[in-house]
Amino acid sequence: MTYQPATISDDLSKLPHLPRWVTSGRLQTLETVAFRSGVALTVLDQLVSDPRYGVPVKLLANRLALSAATATSKLEGRMARGADIRDAWYLTPPGEARGPDGDLLALWRETVRLRLNGPGEIADLVGAEFADEVGVWLDAGLEEARAHGPLSGCLAILRAVLDADDRAERVACLLSDIVMARTLNWKRVLPVTAQRLTKTVLRDLTAGGQGADLPAEVRILEAIEESVRVARDLTRRAEALRAVAPKLRAKGSDAAVELFLTEDAVAPASMLSPRVRGTSIPMSPRAARRFCDRLVELGVARELTGRPTFRLYGVTP
C-alpha cells in the first residue's frame, strides 16, 4: 500500500513566540538580559502551562533531557555525542548496566519526573554527598530569584554548588533547573540551564571575577530561547502525527502513537513489542517494525540512527 505523506505545517502563528524586536537587541548589560529573559520565560511558560496550545510537554521534557545530558557530558570532559547517549539509554535491556552515558541520561529523565514538592526525591537524585545541603541551596536560590529574578536565582545555586565541589556540574545545573521551575510554578522541571554553559563560564562564575554574571546569564537566556523554538517545532510535528493517527489501523496504534508523543525515541523491538510500553496491548516484532516504517512513509517520524539494525524512531530530527 502506498501512503500519501503528511504535510507538517509551517504555520506557527497560533503559538506564543519571541517577538523579533526583543530577540534582535544586543545583550550588553544584566538589565537587558533580565528584560529579555522575562519575555522568553513568559513565552515558554505559556507554551508548557496552557494545554490549548497542544505542546507535547512530556516529549519536550525528554528532548531537553537528552540535550542536558549531552551538555553536561561536555562540561565534565567526556564529550559523548547525543546519538551515543540516546543509544546507551534506549537500547540497553532493562536490568542491565547502561554505562556512564546511559546513566547520565537516566539522571536527567528522572529530573523531569521529579515531584517538586518532594525534598526527599531531590536529595535522593543528587546523591548522599550533597543531600544535606540541598535544602539550604534551594532556599537561597529561590530567595535570590524572588529578589532579583529567575536567572539570578539560577546563578546563585550554580555558584553555591560549584563552590562546594567544582566537579559537580550536573548537580549544579539540575538544581538550577529546579529553582527555575519552582519560581515559575511549573509542574515539571525542564532541563534548560546546562544546554549552553561552558566550563570557562562556570569557572569564571565561581571565581567571582567582575562581570562574570553576564556571560552566564546570557548562556542560560540563549538556552531558554532555544527551548521555546524546540517547543514550537515539536508542537507542529505532534499535530501532524495526531492528524494521521486515524489512518493507522494496526492493533495498538493509538497507544503506539501516544508513545511517540512522549518519548524522544522509540525502539520498536523493545518499546512496541512484545507489548506497547505502558500497556498490555500485544504487538509482534514484525508489526512493530511495520508500524514505525509506516510513520516514516507518512512523513511524521524519522529513523534516527541510519543503521540497518537496532533502529530508533522519533518525531524529532
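Buried is used here for residues with under 20% relative accessible area, exposed for those over 50%, and partly exposed for those in between (1.4 Å probe, protein chains only). The model is predicted, so local features need pLDDT of at least 70 and side-chain atom pairs count only at pLDDT 80 or more, while totals for chains, interfaces and linings use all residues. Residues are numbered from 1 along each chain as its sequence is written, and side-chain values use heavy atoms, with hydrogens and water left out.

**View 1. Helix H8 and its length.** Helices (H or I, at least four residues) and strands (E, at least two) are DSSP runs numbered from the N terminus.

**View 2. The buried residues of H8.** Leu-151, Ser-152, Gly-153, Cys-154 and Leu-155 are buried in H8, as are Ile-157, Leu-158, Val-161 and Leu-162.

**View 3. The helices around H8.** Contact means heavy atoms within 4.5 Å. The buried residues of H8 pack against helix H2 (30-49), helix H7 (128-148), helix H9 (169-183), helix H10 (199-207) and helix H11 (213-244).

View 4. The protein has 14 helices and two strands. Its C-alpha atoms fill a box of roughly 65 × 45 × 35 Å along the principal axes, and buried residues make up 50% of the 317 residues. Of the contacts with a separation of 6 or more, 64% join residues 24 or more positions apart.
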